[in-house]
Structure formats: C-alpha cells, structure tokens
Amino acid sequence: MSHLVSAPLRIRSIPDLKRAAQALGGELEESAVFTSYQGENVPCSYRIKVKGVNYQIGIQRQNDNTFIMQHDPYGTGTDGYGRHDGQKLVKAFGLGLSKLSEEYTAQVVTTQARKKIGWTVVRKRLKNGRLQLRMVHA
Amino acid sequence: MKEIIIEIGEDGNIELRAEGYKGKQCKADSKDIEEALGISDGKRKTLPEYHLTEVVKQKQRA
C-alpha cells in the first residue's frame, strides 16, 4: 500500500446518483420542490421519488457545486399517519440514506473504472457491514 | 497487482487505499476517483512504498 485517503462522501455526479436511485427502485428527476412533512413545497434542485411513496428525497445544490440529500423519515403511511410515509424511504434507501450513499459510491467508482483501460470493479460486503469496492488492474 | 480499494461506512465516510504500488503512480491512478467522490482534500497518509522509487533513484546518483 502506498497511500490512504479518508473523508465524508460528497455528491458531485447527478448521472451516477440517477443510476444509484434506479438500482434501488427510485427515480431521479429535476424539480424545484420535493415532498416532505410540510407538503410538496421544500426547495431543491432534483428529487428522488419512489412509486407508491408520498415522501421524496430532495437534492440541493451547494455553492461549491456539490449536492446534499435531504429526506424526512417521519411516518409509516399507516395507522393514522396518513400521507406521512418517510419510513418507506428509509426501507428503500437505508437509515440516513446509507444504501443510497453506498450505491452512489459504487456507481461513481464503476464510471471512473470504465474510463480507464484494463480496470475492473469487484463489490464485496465485509463482515463489519461496510461495502468494499476493489478496482483491480489486470 | 495494482488495486484501488474503496470502502464506505454507514456514516457515509469513505476510505480509499491504493495497494500494490511502488512510488507515486498510485496518486495518478486514484486522482480521478478521489475527485469524483469529493474526497481529494481528505485526510491523507502516505506509506513507505510511496517513497520507494525516489529512494532508489537517489542511491543510483550517489
């Protein structure tokens, strides 16, 4: 090993995020608002929706051209919660959108590997629960 | 075998390791991925192999 880098994930690629959302059953689209507790009026740049789910994930562009994801996990959509079904987003995309973050990372790494000659990507779930992506040069 | 290993935790933190390299080629190979993931300004640690090529060159000059 010759170097190691660690840092929090930052969303930079909307095409990779779109592929990640699709892989988990969602659909990313351009939108100025997304649906949350307050209704369909929370500002955003893009949103991710899931068929049959009222709540959505909002993707907000930042000043540095990265994006942050927002969602509200409130409500199951049953037993008096009415239209509030944020837990369905948690089920699809993970607690704190962890599954979506993982899938996005996998899509970014795969996209970058395809741009290089002779590199392949192997996915593995480690015993500690972390997703490992190995880019291997043949 | 050259490998770039990326691991993501449930907290969204990403760790990238370049393995099987001698010298600074690892930095060039992982640069695009680090930038795409937005981690290029993250905590960085170089390991002994990173400096190996330069050490050999210096010995040859001596």
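Me: How many residues does the contact take from chain A and how many from chain B?
Reply: The model is a predicted one, and the contact between its two chains can be described from either side. On the side of chain A that touches chain B, strand E1 (3-8), H3 and strand E9 (131-137) of chain A each supply at least two residues, and the residues of that side divide into twelve nonpolar, twelve polar and five charged. Taken chain by chain, the contact draws on 29 residues from chain A and 36 residues from chain B.

Me: At roughly what angle do the axes of H3(A) and helix H1 of chain B cross?
Reply: The residues that meet are A:Thr105, A:Val108, A:Val109 and A:Gln112 in H3(A) and B:Asp32, B:Ile33, B:Ala36 and B:Leu37 in H1(B). By class, this contact of H3(A) with H1(B) has five nonpolar, two polar and one charged residues. The crossing is right-handed, and the axes of H3(A) and helix H1 (residues 25-37) of chain B come within 10 Å and cross at roughly 145°.

Me: What pattern does chain B follow along the sequence?
Reply: Chain B has 62 residues, of which buried residues make up 27%, and among its contacts between residues at least 6 apart in sequence, 37% join residues at least 24 apart. Its elements are two helices and three strands, and read along the sequence they follow the pattern β-β-α-β-α.

Me: What percentage of the residues of chain A count as buried?
Reply: Chain A contains three helices and nine strands, which follow one another as β-α-β-β-β-β-β-β-α-α-β-β. Its C-alpha atoms fill a box of roughly 55 × 35 × 25 Å along the principal axes, and residues 24 or more positions apart account for 36% of the chain's contacts with a separation of 6 or more. Of the 138 residues of chain A, the share that counts as buried is 36%.

Me: Which strands stand at the edges of the open sheet in chain A?
Reply: Four strands form this open sheet in the order E2-E5-E6-E7, with antiparallel pairing. Each edge strand has a single partner strand, so one side of each is left without a neighbour in the sheet; the strands at the edges are E2 and strand E7 (67-70) of chain A. The twist from one strand to the next averages 25°, and it is again E2 and E7 of chain A that stand at the edges.

Me: Over how many bridges do E2(A) and E5(A) pair?
Reply: Within this pair, A:Leu28 stands opposite A:Ile48 in E5(A). E2(A) and E5(A) pair in the antiparallel sense, and the number of bridges is four.

Me: Within what arc do the buried residues of H1(A) fall?
Reply: In helix H1 (residues 14-23) of chain A, the buried residues are A:Asp16, A:Leu17, A:Ala20 and A:Ala21. They line one face of the helix, because, seen down the axis of H1(A), they fall within an arc of 140°.

Me: Against which elements of chain A do the buried residues of H1(A) pack?
Reply: H1(A) lies across E2 and E5 of chain A, running at about 145° to E2(A), and is followed by A:Gly25, whose phi is positive, near 90°. The elements against which the buried residues of H1(A) pack are strand E2 (27-30), strand E5 (46-49) and helix H3 (98-115) of chain A.

Me: Is A:Asn65 buried or exposed?
Reply: A:Asn65 lies in the loop between strand E6 (57-61) and E7 of chain A, and its phi is near 70°, a positive value in a residue other than glycine. Most residues other than glycine have a negative phi. A residue with 12 or fewer C-beta neighbours within 10 Å is classed as exposed, and because A:Asn65 has 8 of them inside 10 Å, it counts as exposed.

Me: Is A:Leu97 buried or exposed?
Reply: A:Leu97 has a phi near 60°, a positive value in a residue other than glycine, and its place is in the loop between helix H2 (86-93) and H3 of chain A. The cut-off for burial is 20 or more C-beta neighbours within 10 Å, and because A:Leu97 has 22 of them inside 10 Å, it counts as buried.

Note on methods: Residues numbered from 1 in each chain as written. Chains lettered and ligands numbered in written order. Predicted model: local features only at pLDDT ≥ 70, side-chain atom pairs only at ≥ 80, totals over all residues. Arc of directions from axis to C-beta. Contact = placed C-beta atoms within 7 Å. Nonpolar A, V, L, I, M, F, W, Y, C, P; charged D, E, K, R; others polar. Axes fitted to C-alpha atoms, helices over the stretch in contact; angles between N-to-C directions. Left-handed = near helix turned anticlockwise from the far one by under 90°. Pairing = 2+ DSSP bridges.
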